[in-house]
Amino acid sequence: MIRRKDNRLQQLAIACNRENRKRNLILTFAIALTVFLLFSAFSIAKGKVIIDSIKIIRESGSAASAYLENAEEEQYKKLKSLDYIKYVGQEYTVGNWYQNNKLLANCKVIDETAYEKIIKPAYDDIKGHYPSDTNEIMLSKRLLQKLGISNPQLGMKISIPILFDSWSVNDGNELTEEFILVGYYNDYIDEVQYVPVAYLSEKYLESKQISRYPVRLSIIFKSGFLSNMQMEQKLYQDVELENAQQQFSNNGSAEFRSVNQLIGGYGVAFLCTIIVLLSVYLLIYNVFSISLAKDIHYYGLLLVIGTTQKQLRKLIASQNRAILIKGILLGSVLSLLVGSVGFPILFKGLFFLENREISIDTVLYPEILIGAVMFVIILMLSASNHVLGKLKKMSPVEAYKYQAKTVSHRKHTESPKGTSICRMAWYNFSCSKRKTCITLISLFIGCEMALLSSFISNGTDVINRFLQQPDFEIGTKKDAVDAYLFPYSTVDELQVDREKSLLDEALMEKIIGMDEVDEDSIEQIYGCYATFDYNEEFIQPKVNAAYGTGTSNNVMTIQVVDDQYIQELQEYAERNQLNVDIASLKNGTGILALHKHELSEMLEDDANQMVGESVHVYPMETMDMSEAEGIEFVCSGYIDTTLKDFPQLSMSWNGEGVNYFLVSKQGYERLNYPKQVFSFTFDARNGQEAIVKEKLTQLIQEENSKQEAFDIYYLSCTSDKIREVKNYRNNSRVVMIALCLSLSLLGITNYINIITTNIAVRKKDFIIMEKIGMTHKQLKKMLIMESLYHWGILIIILLSVGTLMTVGIGYIIKNTLSYFSFSYPIKEFFIIAIILLTFCVFVPQVFLKEVCRERKAKQKRDY
């Protein structure tokens, strides 16, 4: 008996589905498209983050998020025990490898964890293995090419001169040893910022009786959501440091930096995720609620004739199950097809090696597809429960008499010709305020997400960073600065004239004299070089930070800044509550010390106590400070230039071991030391950039040829920087356009589904209207007007609420990315508006024709 009842319910469900096949087709399509668009949007975003993370790791040469310098064994064990630490690797610098008196590479030993989890992800095309025996070595292909080896072979012998960091090895003298090449690889580090590495074995360290500790620890966190400051604070709280020289340096995880570049941070990403999911929720919920609400009358009839609530639930579940399965299967097949075929093509241009195939698992994420399917199932159950909840509150007779539209009790005045079509359309649009609000919110979120994705994509474009820079910059190279400041450390000291300015004024006059150069745009970055007394109190934080690194020196690079920049510094200091004396800097009595996150937490506290301490500045040629009389300043404080929102400053060479200071123009006048132009920037006149570049290239080559040992000047062209990233930028824009299209399609699909569902469930209403005298043309006009009301109010909301939301998110991102550019997506707004307007006019006509065709076919069958 029970089986017979179930069979009847199944037959009834099949009959209902057959009767509502058009509506069910719309619902199936809505589910399939929702699954596909959710999968596409989140897969594209995740794929972009992952591939950008790979790019960041390879450019930096390491996957480490943070480092602890000079760590002891107990600290190593402590870090490994922390539950938020994923990997801790050891890195020991044995010494340096010099060629022709220039640093060629650092010689390092790393443990298995450091190699497998931290270093190996940064390299590609690895041949061989990491050194395990005493005389084995592993080098990069670029390093081998510098040695004249273009076709390396495993097992070949290479002689390397090593200058050991430890004085206990070979009395601190250079030692040449022969190694066997057991591994080589492709690296992608920027050699301007990072020194290449030659990897030696742990047995080599033991053979030289070099202690493993203190050692540099490389750290990877389990979570990539924490900011740099949050991670550092956590580490300082949990790990006890033994001395002031120990400090945690934190670059942030590659994933964290990638998300910042893509969308401005996890906060904005989370907000956008919530908005997308809310849009999908409202789409499914609204479409199913409209559809099922029209069936309440039919369900009420079933209850009247004796169907139980349990049987009714089974009937609704059976109907929805068929729609759900078809929609999920269709959406999943479409997602997997696009994910396995389309995404590799889409992402290949972003991948670091464009000539290599990108693996499917890099861009295809089954977990996102499963999540999309589960989310849609939950939404379906929510919509079904909404209808069942209504039915529970009604008696069978009330359900049978239920009308989806609530009748308004407002009085309407009629024109002499009767109720106008526009008024009827407005009544249909506004009679159910709840449905109208949900519809408009759903449409707004879908369209706003598309506009936001375009706004963020344009604003975070890496080209914006270069567009804010001048066309050209000319300055002195690191080798020239080192030779000028430390002539005793170079074999070419006789070629260095310390009485002259590094950047020749005659060169600047030649450039300024070019007709194609915009003279008004020329800006000099200038100052002087000087020395300080190691024994003075103000410099002790810097001296202690450099202790044991081999980079300690007493040379000061002093840069002059104008009053406008000093004002920016003051505002920055006040915002971040920094202990600095900007007033003394401004009036010329103070000097401000800069550093690049070189001070540990203990040394930061010491630096805060240095404000107001005496500073004596001595000429470069001063040898004995006790017999010289320096120019006295007061210490205006220390500022970390790597901190967030630090005012942008064009600086001289500021590498490892450089002591950098700022003074005002009044302070520089007190010094009266020889002026050093560190660099100068300028723009070309409109349309003359190519001509200026050609002339400058020739001029710089001529000047550099005068020095045999090294080049003195560098030429930096913004157009070259843009060209270098243009290919990646263009491919990145293609990916972001794909994301924008996914979100736009979500909003447009939402719009179409709501219109078509409304029309599909109002067939009986249309028949009644035609029977009481409404013509087909009037009916069509009414439907178009209803759609136009949706469109008009949606446009108003997008221009008001949408603009406020866009600007607000823009300010949030601007706080993270200094180069973020505000540019409202006007073009995208008009495209979406026109597409929606087109659907307003044509979709009602198409579906109304289909309804009329069905009615005529039914009349013919009945006849």
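How many bridges join β6 to strand β7 (residues 174-186), and in which relative direction do the two strands run? The legends below begin with that pairing. The model is a predicted one, in which local features need pLDDT of at least 70 and side-chain atom pairs count only at pLDDT 80 or more, while totals for chains, interfaces and linings use all residues. Residues are numbered from 1 along each chain as its sequence is written, and side-chain values use heavy atoms, with hydrogens and water left out.

**View 1. Strand β6 and its partners β7 and β2.** Seven bridges join β6 to β7, and these strands run antiparallel; strands are DSSP runs of E of at least two residues, helices are runs of H or I of at least four, and both are numbered from the N terminus. Strand β6 (residues 157-164) is also joined, by three bridges and again in antiparallel fashion, to strand β2 (residues 85-99), where two strands pair if DSSP finds at least two bridges between them. Leu-163 of β6 stands opposite Asn-96, and its bridge partner in β7 is Glu-174.

**View 2. Lys-157 in strand β6.** Lys-157, which has its place in β6, counts as exposed at 59% relative accessibility (exposed is over 50% relative accessible area, buried under 20% and partly exposed in between, with a 1.4 Å probe and protein chains only). Not counting residues up to four places away in sequence, Lys-157 touches Glu-178, Phe-179 and Ile-180, contact meaning heavy atoms within 4.5 Å. Lys-157 and Leu-181 are 24 residues apart in sequence, yet their C-alpha atoms are 6.2 Å apart in space.

**View 3. Gln-90 in strand β2.** Gln-90 lies in β2 and is buried, with a relative accessible area of 6%. Its side chain is joined to that of Arg-212 by a polar contact of 2.8 Å, that is, a pair of N or O atoms within 3.5 Å, of which, within protein, one must be able to donate a hydrogen and the other to accept it, residues adjacent in sequence counting only if both atoms are side-chain atoms. Leaving aside neighbours within four places in sequence, Gln-90 is in contact with residues including Tyr-76, Val-109, Asp-111, Tyr-213 and Leu-217.

**View 4. Helices α14 and α27.** Helix α14 (residues 421-430) packs against helix α27 (residues 776-816) at an angle of about 55 degrees, with the axes 8 Å apart. The contact is made by residues including Trp-426 and Phe-429 of α14 and Met-785 and Tyr-789 of α27.

Conventions: Axes are lines fitted to C-alpha atoms, for helices over the stretch in contact, and angles run from 0 to 180 degrees between N-to-C directions.
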